[in-house]
Each structure stands twice: as structure tokens, then as C-alpha cells.
Amino acid sequence: MAFGIFDFLSLIGALGLFIFGMKVMSDSIQKVAGNKLREILEAMTSNRLLGVLTGVLITTMVQSSSATTVMVVSFVNAGLLSLIQSIGVIMGANVGTTVTGWLISQLGLGKFSIASMCLPIIAVGFPMMFSSREKLKLWGEVLLGFAILFLGLNFMKEAVGGLQNEELLSFVKNVDYAGQPYIKQFFIVLLFVAIGTVLTIVVQSSSAAMALTLVMCNEGWISFPLAAAIILGENIGTTITANLAALIGNVHAKRAARAHFVFNVFGVLWMLAVFPFFVNLIAGASVDIFGADPMKTATGIPAALALFHTSFNILNLLILVGFVGFIAKVVIKMVPSRSEDDEVFSLDYIGSGMMETPELSILEARKEVVKFADIVRRAFKYVPRLVTEMDEKKLRYYTDQLEKYEDITDRMELEISSYLSKAAKGELSSNGGHQVRSMLNIANYLERIGDIYLEISRNLTMRKKKKAYFTQEMRDRVAEIAALVKKSLDLMVENLEAYERDIDFAKAEELENEIDETYKRLRKEYIKKVESGKFQVRSGVYYSDLISELERIGDHVLGVTESLKKDNELIVEE
């Protein structure tokens with residue numbers, strides 16, 4: 001039977017439909033769960049065992065180990081999980097992802113196929129997508145994704161059926177594993193591990209690669225041992241995909257991806273050493289449990305393969321769960337931290353790539369905004385020093401630092417805003433939309449504070465050149481208002497770090513009122529003293545500009561607080 005371009009495109013289309021259905025279902029479940037996933041992770045990672053169970057639970061829910069890994073990385077970046085906790089969750093995710101194999105083997109390839117129920121499921125889910133209630137709409141998307149996934153699997157079965165007589169696949173179908181000596185068997189297994197790895201990298205989904213392998217087994221193309229070898233390769237392939245994605249990510253993403261790679265590759269290595277024994281053990285267990293010998297019956301392979309996948313991952317977990325700390329040390333050495341130097345522009349929490357879902361991108365951006373605010377706060381220390389310092393070299397250093405910080409704030413605002421704008425183009429929940437708008441406003445206020453630092457630096461440099469010296473009284477007054485501004489900057493960072501809990505809005509407003517009142521009082525004093533001749537006019541102009549710029553910093557700090565407060569109120573209302 002000829003297999004033409006149309007048949008090939010049908011197979012690719014069926015695979016695409018399967019992956020699309022899985023993505024729709026996974027993304028929708030994450031949106032439905034929302035903050036509850038974060039709460040589960042926070043509550044259940046207090047020790048290693050709970051972390052592993054959390055990984056199993058989350059991956060079983062969202063049906064994607066990649067989605068779980070991405071979530072874990074974002075929570076590490078957001079400071080909700082440590083690297084050691086994240087490794088435990090990733091280990092659990094490997095076990096959770098084996099549920100896909102059971103779903104497909106029992107519902108998609110057995111005597112009863114869920115494909116026959118797909119259209120009724122779509123009939124129920126599709127109208128739900130037009131509901132005004134967000135949760136109901138998302139559950140409709142979950143049902144639609146589930147139905148599309150199994151429709152894709154059904155089309156895949158039909159497309160693969162057309163390949164049976166192709167000479168192109170004669171090698172795969174006719175490999176004799178059982179009749180070969182041990183050494184030759186070992187190299188055959190290695191070859192099929194490589195095939196599984198490449199297959200997973202090509203389709204960019206271990207679940208899709210697993211589905212394709214199960215379909216090929218069901219059609220009788222490959223024997224059970226060779227299918228098991230492909231599954232081992234898929235375990236490696238899924239980590240390579242994650243590492244490729246982490247190339248444009250941050251140091252935390254790279255470490256989590258490396259931990260996943262180390263964990264899975266070690267598992268494949270020890271399994272290769274006991275492969276013939278373990279495969280025979282699973283085949284025997286399959287006869288007892290399912291009543292079919294996968295070594296003799298093609299239709300018995302899918303269930304046996306699901307059993308192999310689950311057993312292997314559970315054993316690998318039990319072997320390595322005690323070495324989480326060691327794995328953490330290894331990946332930290334593999335991916336060392338970037339420079340901690342404030343003067344070097346770098347984004348620690350977001351990269352040029354996006355998270356799997358826009359909701360998870362928000363966690364990354366929020367931590368970056370906190371870092372941005374902290375940089376703005378620390379840069380402020382050079383402002384009062386410019387007023388009191390007399391040494392020329394130190395003055396030049398302070399002005400250079402403020403100019404450097406202003407450049408950093410410009411670039412950070414641009415990068416964060418660009419990242420948030422990309423996230424906003426995705427399908428965000430209403431809460432997610434509020435948070436994006438709030439962070440865009442906050443980043444804008446922080447950048448404006450950086451601009452004021454540059455203005456202060458230039459004005460005070462000009463004052464020095466014009467020999468317009470401040471009196472001790474002027475210096476004391478500047479120190480007075482600068483101390484209040486520093487307090488407001490400190491509180492701003494604390495409130496941003498707290499986010500939804502323990503935010504002191506009243507204190508922030510009180511400090512801003514105090515800054516305004518102090519500015520008004522100092523301004524009145526300044527006008528009176530200029531009129532009475534106690535302040536020189538030239539020095540007075542620079543002094544007046546400086547206290548005005550300090551007051552403007554206080555205004556922008558309040559703008560940050562108000563954006564945070566508005567966001568908080570909208571989230572509480574919902």
C-alpha cells in the first residue's frame with residue numbers, strides 16, 4: 001500500500017491535534033486552579049516527601065510534566081520554593097506524567113475507546129466557553145482540550161495504520177531483539193533509546209511521543225522490549241527539550257532544567273544495566289494483572305508499557321530521593337550564579353522567552369519588579385552624599401553612579417514592560433490582567449525616579465562648577481527631607497515584597513504627607529530667607545530645585561503604592 005504525502009500530512013496533523021488538545025487542557029486546568037496551585041506548592045513542600053507527592057499531584061492534574069517544571073521554576077524565581085524543594089517536586093512530576101500512558105492505554109487503545117465520546121464531550125464543553133462566568137468558561141476549555149486530545153489519538157491510529165507495509169519502516173518492524181546475544185541486545189536497546197530521545201525532541205512533548213509509541217505497539221510494529229527502550233529515550237528527550245527552553249531563561253530555570261536532566265539520565269543509566277531482567281519482570285506482572293503477555297500479543301503491549309513507565313519512574317524516585325541535596329550542589333556548580341554587582345545590568349528572573357502560560361510569566365515579572373525597586377532604593381544613598389561630600393574624586397564617583405543607575409532603570413523598565421506586554425497578549429485571567437497593568441504602572445514610576453536621580457546629579461554638578469555652596473543650614477534641611485524619602489523608599493520595597501499580605505498602605509500615605517508638609521515648610525523658609533538676604537540667590541536656586549526633586553521622588557513612591565493598592569483591592573473583590 002503506497003503511503004503518499006497526504007497520508008504523511010494526516011499523521012503530522014493528527015499528532016498536532018493531540019498536542020494542541022493537551023496544551024488546551026493543561027493551560028485551562030492551570031487557569032482554573034490559579035492561586036490554589038501556588039498555595040498547594042507552598043503548603044506541601046515543607047519536607048522532601050511532601051514535595052515529591054506535590055509533583056505527582058500537580059502533574060496528574062495538568063497532564064504535563066513540562067508545565068509542572070515550568071511552574072516550579074517560576075515559584076523558585078518568585079521565592080516560594082528553594083532549589084532543593086523544586087528538585088523534589090520535579091522528581092514527583094516524573095511519576096505524575098506516567099498517568100498519560102495509563103489514560104491512553106486504557107481509554108484510547110482498548111476495547112472501549114473514549115474517541116467515541118469526544119463529540120458529546122465537545123457538545124457539553126463548547127457552550128460552556130461562552131459563559132459569562134470565568135470558571136465555567138475555563139472548565140469548558142478543559143473538556144474541549146480533553147476531547148481534542150483523544151480525537152487526535154484516534155486520527156493518529158488511523159494514520160499509522162497506513163504505514164504498515166512501508167519499506168521505510170521495515171527496519172523498525174523487523175528488528176530481532178529476543179534472538180540476539182546480550183551484547184547485541186544492549187546495542188539494540190541503546191539505538192532505540194536514541195530513537196525515543198530524538199522522537200521526543202522532534203514532537204516537543206514526551207506525552208505525544210508516548211502516545212505515538214503506544215499506537216505503534218498496538219499496531220504490532222515493535223516488540224515490548226524495544227518499546228520500553230523508546231520510553232527510556234523519551235525520559236531523556238523531555239529533559240533536553242526543557243534545557244533548550246532554559247537556554248534563554250535565567251539561572252534558576254537552567255538549574256531546574258539541569259536537575260531534571262541529571263535525575264532522568266541517571267535513571268536511564270541504571271535501567272540499561274538491568275534492562276533484560278526488568279523487562280521480563282514487567283512482562284510477567286502484565287500476564288498476572290492484565291491477562292495478556294506483551295512478549296507474544298501486540299494488543300497487550302500498551303498496558304504493559306504503561307506499567308513499565310510507572311514502575312521505572314517510581315524506582316528511580318526511591319533510589320534518588322535521598323540525594324536531592326547532592327543533585328542541588330551538582331547543578332549549582334554546573335550553572336554558577338551571575339555577577340551580584342549592582343552596577344551590571346541584568347534581569348535575574350525573566351529572560352527573553354515566555355513561560356508556558358502567561359499566568360506563570362506574571363510571577364517572574366513580579367520578582368523582577370521587586371528587584372527593580374530595590375535597585376532604585378539603593379541608588380538613593382548617593383543623593384545626600386552629593387550634598388555633603390567635599391572630595392572631588394568621591395563626588396565624581398557619586399555622579400557617575402547615579403548616571404549609571406539611571407541607565408539601568410531605563411533599560412529595566414523597557415525590558416519589564418516588553419515582557420509584560422507579551423504576557424498580556426496571552427489569555428490572562430481577570431486577576432492576571434490587573435496585575436500586569438499594576439506592574440506596568442509601577443515600572444514606569446520607578447523609571448521616573450531614576451530620571452530624577454540624573455537631574456539631581458547634573459544640578460549638583462553644575463552647582464559645584466558655579467561655586468554655589470550650600471550653608472550648613474541648607475545641608476541640614478536637605479538631610480531632613482532626604483531621611484523621609486529614604487523611609488518611604490524602604491517601605492515601598494517592603495510593600496512590593498509583601499504583595500498580597502501585610503501591605504502597610506496607611507504608613508506609606510502618612511510618609512508621603514509628611515514629605516509634602518516638610519517640603520512646604522522648607523519652601524516657605526527658603527523664600528523668607530532669600531527675601532531677607534540670609535540665602536544667596538544662586539545657592540538658593542539649586543537648593544530649591546533639590547528639595548523639589550526630593551518631594552517628586554516621594555510622589556512617585558506614592559504612585560507605586562497606589563498602583564499596588566488598586567491591584568490588591570481588585571483581587572480581593574474577585
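Is Glu 473 buried, partly exposed or exposed? Hi everyone, let me start with that one. Glu 473 is partly exposed, because its relative accessible area is 25%. Please keep in mind that this is a predicted model.

Let's stay with Glu 473 for a moment. Its salt bridge with Arg 477 has the closest N and O atoms 3.7 Å apart. Both residues sit in helix H21, which covers residues 472-498, and they are four residues apart, about one turn of the helix. Arg 477 has 22% relative accessibility, so Arg 477 counts as partly exposed.

Glu 473 has another partner, Lys 529, and for that salt bridge the closest N and O atoms are 2.2 Å apart. Lys 529 belongs to helix H22 (residues 505-531) while Glu 473 is in helix H21, so this pair ties together parts that are 56 residues apart in sequence. Lys 529 counts as buried because its relative accessibility is 19%, and the cut-off for buried is under 20%.

Another one to look at is in helix H19, residues 392-424, where Asp 407 and Arg 411 are four residues apart. They form a salt bridge, with 3.4 Å between the closest N and O atoms. Asp 407 is partly exposed at 36% relative accessible area, and Arg 411 is partly exposed at 38%.

Now, helix H20. Glu 447 is found there, and here is a charged residue that is buried yet has no salt bridge. Beyond its sequence neighbours up to four places away, Glu 447 touches Phe 372, Thr 409, Asp 410 and Glu 413.

Leu 460 is also in helix H20, residues 430-465. With 6% relative accessibility, Leu 460 counts as buried. Setting aside neighbours within four places in sequence, Leu 460 is in contact with Leu 386, Val 387, Phe 470 and Leu 546. Leu 460 and Tyr 543 are 83 residues apart in sequence, with 9.1 Å from C-alpha to C-alpha.

Last stop, the surface. Ile 5, Phe 6, Phe 8, Leu 9 and Ile 12 form a nonpolar patch there, with about 560 Å² of accessible area together. Ile 12 lies in helix H1, residues 5-33, and is partly exposed at 43% relative accessible area.

Conventions:
Residues numbered from 1 in each chain as written. Predicted model: local features only at pLDDT ≥ 70, side-chain atom pairs only at ≥ 80, totals over all residues. Heavy atoms only, no water. Helix = DSSP H or I, 4+ residues; strand = E, 2+ residues; numbered from the N terminus. Buried < 20%, exposed > 50% of the residue type's maximum accessible area, 1.4 Å probe, protein only. Contact = heavy atoms within 4.5 Å. Patch = residues over 30% accessible without salt bridge, like charges linked within 9 Å, V, L, I, M, F, W, Y side chains within 5 Å. Areas by Shrake-Rupley, 256 points an atom, 1.4 Å probe, with all protein chains shown as cover. Salt bridge = Lys/Arg side-chain N within 4 Å of Asp/Glu carboxyl O. Lys, Arg positive; Asp, Glu negative; His and termini not counted.
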